[in-house]
Amino acid sequence: MTIEGIANLLKEKFPDAGIEARLESRHPHVIVKPEHWLTVAEFLRNDPQLKFDWLRCITGVDYIEDKQLAAIYDFHSTQRPAQSDGLWSARGELSVKVLAPRDNPMVPSVCHLWGAADWHERETYDLVGINFQNHPDSVDDLNGRHPRRILCPDDWQGHPLQKDYEFPLEYHGIPAVTEFGQTRPLHG
Amino acid sequence: MADTVLESRPDLNLDVVRDEIGDVRTEEMLVNMGPQHPSTHGVLRIVLRTDGEMVLEAVPHIGYLHRCAEKIGENVAPYQYIPYTDRMDYLAGMNNNLAFSLAIEALTGLEVPKRAQVIRVIFAEMNRIASHLVSMGAYGLDMGAFTPFLYAFRERERILDLFEASCGARLTYSYITIGGVTDDVPERFIDVCREYLDYFEPKIAEYNNLLSFNHIFVKRTANVGIISAEKAINWGLSGPSLRGSGVKWDLRKVHPDCGYDEYDFDIPVGQGLKGQLGDCWDRYFVRIQEMQQSVRIVRQALDKLAGTPGEYKHKSGKSVKLPKDEIYYEIEGARGQLGFFIQGDGSQIPYRVKARGPSYCNLSITNEVVKDCLLADVPAIIGSIDVVMGEVDR
Amino acid sequence: MSQATIPWIEPVPEKRVAMRRKALLVLFGGGLTALIVGCVMLGVFRALPDQVGTIVFILAGVLPILGGLGLIPLGLLNGSVVLTTLGFAQIGIGALVGGLLKATPIDPLVVGVLLLVIGPIAAGLAMLTAAGVIVAFKQVVQLLLMRWTALILFCGGIVSIILLVWAHAFVFRYVAQLANDTTLNTSATTTFGGDLTIAELSTRFSGNWRPVAFVLWPLQFGLIRDLIAMGGVIGFISIIPLYTIWWERKVAGRIQSRLGPMRVGGWHGWAQSFADGMKLICKEDFVPPEGDGTLFRLAPYLAFVPAICAFIALPFATTYVFRDLDVALLFILAMLGIEVLGVIIAGWASNNKWSVYGAMREACQMVSYEIPMGMALLVPVMTAGALRLTDIAKLQQDGFGSWLAWNNPFCLIAFFCYYTASLASCKRAPFDLPESESELVAGFHTEYSGFRWSLFFFAEYAAMFAVSGLAVILFLGAWYGPLPLSWAPAGNDIASAVVRGLLFDGPILFILKCGLLLYVQIWIRWTLPRIRIDQVLYACIQVLLPLTMLVVLGSTFWLLFDNSAHPAFESFAKVVRGLLSLVGVVISIAIAGFIIFGFVNRRRLVGTLAIEHFPGS
């Protein structure tokens with residue numbers, strides 16, 4: 001099924017999910033509101049026609065000008081071999097962009113649907129700050145309930161890939177100032 | 001003894017049972033494997049919950065080698081970013097260069113000359129061989145066999161010689177770059193490369209005799225760490241780790257880029273030859289067979305290179321302007337599907353670069369697989385997944 | 001290379017001078033004290049009556065029992081029925097050994113030597129050597145860096161190995177000769193008798209040679225003679241690991257198509273082990289602050305001393321033996337069994353979970369493999385009808401066909417069983433689980449460094465040599481050549497002595513045979529992967545143990561029928577013996593052919609590409 005067909009199918013199934021399709025992009029994708037994402041995801045995973053069983057990647061992007069954080073999901077749908085050479089093929093590819101408001105970036109976790117989401121969601125929380133609700137590996141701390149950090153230390157403050165992130169001047173006594181007294185990269 | 005009693009009386013408390021029948025109370029122990037440990041292949045740290053030699057649970061902790069590669073990507077032009085990709089999967093630098101270059105080329109629509117494509121295939125496949133050699137040798141080392149490791153490195157040195165002659169580097173190549181490759185192959189390259197392949201191919205049988213079919217090795221790896229095909233796909237495994245579970249899936253066949261569709265090669269998959277399908281031995285043996293296939297591809301590519309004169313590089317590769325658009329591009333790297341997400345904003349510098357390391361996704365299944373096995377099986381499973389921490393932590 | 005500047009030999013700063021002075025004081029003081037303590041203990045034990053010695057000796061039998069007692073809780077903690085059972089089995093063996101030892105007349109001195117003398121003396125000598133090296137560090141390094149000095153030292157090393165073995169044996173023989181004449185020998189079970197008076201010494205010399213007796217006056221004390229002999233044993237044991245390690249590294253290098261050590265000493269890196277030893281002595285002496293310091297310091301000696309003690313009873317040739325015990329075999333097995341205590345203590349005292357794992361594995365593995373090992377050794381013992389190693393050896397002096405390994409089919413199987421079990425009990429690959437670096441970092445010696453660490457290594461290599469020696473004596477014709485001893489030239493001249501020593505009889509042949517078995521151990525180590533703990537126990541309990549039991553049973557029946565009462569079976573046995581000898585010949589020739597083939601083709605096997613680099617790279 002083409003991405004256009006999938007988008008139409010989703011619009012039909014979830015008329016109030018605010019589904020938009022961006023087909024002109026080099027990375028054609030479907031935009032879903034976070035509050036509907038869980039039902040859409042379940043549909044994508046379980047619908048016998050679609051069966052997107054392979055979550056390839058979750059990318060977090062900080063669209064600071066739109067005041068939005070995006071979680072971009074890339075899926076494969078694998079097809080068991082029909083040909084004699086036993087080669088598996090892709091039934092379809094899909095990208096879904098879940099746009100969450102920057103001041104309260106809550107997106108439901110999909111770990112129960114795709115095991116691969118576990119670490120990707122943790123990383124996206126860690127670096128971009130999208131809070132995945134009901135993540136199986138969650139912790140409670142001053143920042144509320146959120147997935148456990150994965151790349152940064154557990155007590156790290158802030159999310160380094162947000163565009164307004166200020167690099168800390170010091171971490172547990174380790175100075176983080178360059179010899180030029182500069183704390184942000186030149187191009188940033 | 002307490003366990004058998006418990007099976008018949010599930011309502012009893014374990015400690016009470018032990019007190020009653022006079023069995024000794026045992027305690028579970030938390031053991032910290034890594035970040036400095038010989039068999040975690042870098043700075044992986046796994047917290048093991050053990051009961052004697054049994055491992056009940058393994059929780060991996062990563063991030064010890066985090067070098068902000070994605071943050072750097074948002075601050076340098078793509079051409080400058082190529083050396084950083086080398087340092088992700090430092091055992092297969094060529095494949096990383098290739099993935100990033102292809103992603104940028106797909107985003108900007110840059111045309112790559114034909115000759116460059118052939119050179120790219122040769123170097124990507126040679127690097128795949130080199131990477132699988134390290135993987136195979138290190139896996140033998142995990143199992144306590146030292147000698148295959150040295151043999152693997154002996155063969156890998158020759159490949160690195162070829163790389164060094166071509167680009168001057170032995171580990172961090174930055175050879176494949178945006179719009180082609182940095183330089184043409186040196187004189188006599190085709191002959192020497194062919195000579196090497198003739199020398200190398202019979203060695204694979206030697207490794208099989210020495211390690212793959214060694215009785216002890218098979219006993220250690222077969223029926224250990226079994227991953228079913230469904231589980232592998234669900235956890236996003238890719239590369240040899242996925243194919244070891246019997247899934248014949250390879251991006252070189254599914255979405256051929258660089259002209260992979262012009263080459264004749266097979267996709268080896270695990271068949272459960274020595275144990276259950278998807279065990280450590282299957283994953284290991286897929287790598288051995290892949291080396292054979294890579295040799296086939298390189299042979300064909302060398303023939304093709306001899307008949308493909310012309311440019312090796314697109315002129316404007318150094319100064320591409322990224323459109324206000326995004327791309328997610330994956331290739332089949334040595335360890336699995338290596339993907340780059342790039343968001344452009346109209347300038348030379350990407351708005352966002354995200355790398356999907358195959359090791360990262362493959363490692364995330366550890367929690368699921370390393371369960372109720374022996375302590376000695378932990379290196380066997382981790383080694384068979386073949387992670388490179390530089391790529392996991394980025 | 002000869003006069004290269006050595007960056008680390010620079011003027012030492014003030015503070016380090018003080019530190020070094022302190023270290024020297026400790027080493028010299030400690031070394032001398034330990035030496036004196038050892039000598040005093042030796043004197044005390046000489047003075048003790050037989051009964052006390054016997055009681056102490058039972059302790060040697062009791063020590064395995066203690067080990068077993070330690071194992072039972074370990075097994076229970078581990079939830080392992082196997083380990084617990086093994087603990088009980090160890091107790092049984094210990095009781096058996098103790099009982100057997102008590103029942104036989106034993107020289108009390110052996111016990112003293114065993115636990116309280118050799119330890120301090122070895123430690124004292126080692127500490128003094130360390131102090132000496134530190135004092136003369138600059139000179140020693142420069143000496144090693146000079147090409148020709150090195151070669152001379154190397155040759156000297158080889159010669160000294162032979163001399164050390166020979167020298168103390170010579171003293172034994174000489175004094176025994178004296179003692180036999182004077183009927184002062186109270187404990188006749190040893191070759192090294194009681195005290196001599198100077199008058200008796202002087203009766204041995206006639207005419208103008210009489211003053212020589214006065215020069216040799218120290219020899220009148222048994223104490224002095226024992227000290228000389230012990231110096232020989234300890235010196236020999238120190239040299240074995242040094243050369244075995246160097247050899248292992250060379251063999252490993254060749255197996256892995258590289259060169260191995262090539263630098264130190266000039267010729268094929270022969271002095272590498274000396275350089276490493278010096279490095280180890282100078283390394284930081286780390287004791288884990290959270291661990292049990294006393295036990296941590298004690299453990300390496302507990303592993304090292306029993307390994308030396310095994311050499312007390314291990315004969316190198318008929319007369320080249322420190323104490324020719326009538327229960328030598330049991331004694332050596334008991335001593336090798338004690339080593340496990342040191343390892344367990346090391347693992348426990350390190351306060352490191354990996355060390356505990358290593359120690360547990362070691363305990364489990366070593367104790368379980370001792371049972372099939374002992375069972376396999378019963379076969380040649382039954383065949384020979386003796387426990388005294390020199391007696392067993394004497395049966396094999398009639399050439400290749402008389403070696404016990406080909407005596408009957410069960411003996412041959414027992415030999416392979418014993419060899420496998422000995423690999424496991426020496427924790428050599430594929431049974432090197434206690435120190436498996438890919439799982440347990442370094443196992444029980446994770447926290448050890450420097451000299452203490454090297455003591456574990458010494459113990460391991462000494463034990464390797466000891467088990468190989470046992471295999472040679474019990475199965476492979478001891479110190480006799482493949483030709484019958486009766487063919488040897490009988491003359492007293494040097495030429496026939498040399499021929500006898502090289503081809504027919506003597507410690508050189510013994511060391512060569514041990515070397516061959518060591519080589520096979522090395523070969524296996526660098527070829528095979530490591531097996532898993534459950535497979536280790538499976539191989540022992542379910543394969544080796546039943547097999548050795550069957551072998552013992554079969555061998556018993558064989559011996560029952562293989563005598564003049566059953567002429568038909570006797571002739572059948574003769575045919576079988578001939579066939580088995582042929583098998584032995586084929587195996588020997590195959591191994592030799594393999595080695596020669598590899599040596600001749602060593603360049604071709606590597607391949608041209610691996611030698612010539614691609615131009616431009």
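This is a predicted model: local features need pLDDT of at least 70, side-chain atom pairs count only at pLDDT 80 or more; totals for chains, interfaces and linings use all residues.
The C-alpha centres of domain 1 of chain C and domain 2 of chain C lie 22 Å apart, where the domain bounds come from an automatic or database domain assignment. Domain 1 covers residues 288-561 of chain C and domain 2 covers 562-611. Residues are numbered from 1 along each chain as its sequence is written, and chains are lettered from A and ligands numbered from 1 in the order in which they are written.

Let me stay with the domain boundary. Here 11 residues of domain 1 of chain C are in contact with nine residues of domain 2 of chain C, contact meaning that the C-beta atoms of two residues, placed from the backbone, lie within 7 Å. On the domain 1 side, α15 (409-425) and α20 of chain C each supply at least two of the touching residues, and the largest share, three residues, comes from α20(C). I number helices (H or I, at least four residues) and strands (E, at least two) as DSSP runs from the N terminus. By class, that side has eight nonpolar, three polar and no charged residues; Ala, Val, Leu, Ile, Met, Phe, Trp, Tyr, Cys and Pro count as nonpolar, Asp, Glu, Lys and Arg as charged, and the others, Gly among them, as polar.

Chain C as a whole has 22 helices and zero strands, and 43% of its 617 residues count as buried, that is, 20 or more other C-beta atoms lie within 10 Å of the residue's own, against 12 or fewer for exposed and partly exposed in between, with C-beta atoms placed from the backbone. Of the contacts in chain C with a separation of 6 or more, 77% are between residues 24 or more positions apart. One residue to look at is C:G337 in helix α12 (residues 328-349) of chain C, which counts as buried because it has 26 C-beta neighbours inside 10 Å. The C-alpha atoms of C:G337 and C:M366 are separated by 7.7 Å, although the two are 29 residues apart along the chain.

Turning to chain B, there is an open sheet of three strands in the order β6-β7-β8, with antiparallel pairing, where two strands pair if DSSP finds at least two bridges between them. β6 (326-332) and β8 (352-356) of chain B stand at the edges with a single partner strand each, so one side of each is left without a neighbour in the sheet. Five bridges join β7 (residues 337-343) of chain B to β8(B), and the bridge partner of B:G339 in β8(B) is B:R356.

Finally, why does the length of helix α7 (residues 147-167) of chain B agree with expectation? Its 21 residues, at 1.5 Å a residue, should span 30 Å, and its end C-alpha atoms are 30 Å apart, the expected span being 1.5 Å times one less than the number of residues. Just after α7(B), B:G168 takes a positive phi of about 90°.
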